Structure formats: C-alpha cells, structure tokens
Amino acid sequence: MNSVVERVRGLRYQAARVSALPLLVRGGIFLVVLAGLLLAYPVQVLAPRALLALAVAAVAPAVGPRRIWPTFAALATVAGWLLATLGYDRPPALWRLLAVATLLYLAHTLCALAALLPYDGLIDPDLVLRWLARAGGVVLASAVLGIVLAWLGGVGGTDGSQAVTVAGLLVAVGLSALLGWLRRRR
C-alpha cells in the first residue's frame, strides 16, 4: 500500500511541474494525427466505436512520442487511405492526398520535437515557431513539387511510357543515394 501512495505522490509532483509549451506541442500532435486519420478513413466506417479507436490512436503518439506510437499512427493513417481507395472505391483526389501527406509529415515532425522537449523545461516559444516554420517550408515545397509532378504526369495522356517510368525510378534512386551520401558525410 505504501508503494502505491508513493507512486501517486510522484505522479502528482510530475504533473505539477509540466510546462505549457510541451503540453501544447503534444496537444498539436493529437489534433494533427486525429485530423489525418479522419481525412484518410472513409466516412462509411466512422461509427462511434471506430471514432473512439481513432481517438485512442491519436492520443498514443501524443503521450509517447519516443515510442512506437507515431509509427503506429502513421501506419493506421495509410491503412485508412488504402481502405478508402481500394475497399470503398473512393477516387484518390490530389487535394486529399496532399492533405494526408501534410498531416503525416506534421505529426512526424511534432513527435520529433516533443521527444526532445523536457516536460518541465522553460522553452523559448521561438524554438517551436522556428521548428514549425521549417516544417511549413518543407510542406509547401513538397506540395508544389507534387502538384507539378501530377500535372506533368497528365501531360502525356493516358498511355504510359515505359522509358519515362524507368527514368523516374532512376531519379528517385539517385536522389536517395545523394541524400544517403550527404547524411554520411556529416
């Protein structure tokens, strides 16, 4: 009985020391993950039990950003997207794809930030704003590049060209190799 009382006291002490900014970042993780899940899953499966499961899946990365939960939430979002497009024949609209990809990236980067922030530290708000501005730049560049590539994909008509597909794969492999080389160089 004494150890239970000690644990409760320890939890109360830790809860009293929590700063507002790390708590806001974790709240942002919850909102971003939940929005991504709701946007990815088809409306037909959003019954009350499913909404509760999605809410739990959104709370998990906010509570444990250093654990497996961010990966689990991302995989659940991708599974919802696949269920909607393959199982319920929802056409993959570009705006929805960009929105889900944006929310996945924001959830990932917010989890990375939350994993670094101490619960009880005094954190400069400029740090979080700079982090979010950098993430916004990545999201904007990715969206513009995605829209341009989608437009270029429709230029040739409905007939695909095998040479263009192979060239695109070579560019993707080349960029991956370049990024890996740059990472090892640091």
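Predicted model: local features only at pLDDT ≥ 70, side-chain atom pairs only at ≥ 80, totals over all residues.
How many residues does helix 4 have, and what distance does helix 4 reach from its first C-alpha to its last?

**View 1. Span of helix 4, residues 69-87.** Helix 4 has 19 residues, and 25 Å separates its first C-alpha from its last. This reach is close to the 27 Å expected at 1.5 Å a residue. Helix 4 is followed by Asp89, whose phi is positive, near 55 degrees.

**View 2. Buried and exposed residues of helix 4.** The buried residues in helix 4 are Ala73, Ala76, Thr77, Gly80, Trp81, Ala84 and Thr85. Seen down the helix axis, these buried residues fall within an arc of 160 degrees, so they line one face of helix 4. The face turned away from that buried side carries Leu75, Leu86 and Gly87, which are exposed.

**View 3. Packing partners of helix 4.**

View 4. When neighbours within four places in sequence are left aside, Ala114 is in contact with Val25, Arg26, Ile29 and Pro65. Of the pair Ala114 and Ile29, the C-alpha atoms lie 8.6 Å apart in space, while the two residues are 85 residues apart in sequence.

Key. Residues numbered from 1 in each chain as written. Heavy atoms only, no water. Helix = DSSP H or I, 4+ residues; strand = E, 2+ residues; numbered from the N terminus. Expected span 1.5 Å × (residues − 1). Buried < 20%, exposed > 50% of the residue type's maximum accessible area, 1.4 Å probe, protein only. Arc of directions from axis to C-beta. Contact = heavy atoms within 4.5 Å.
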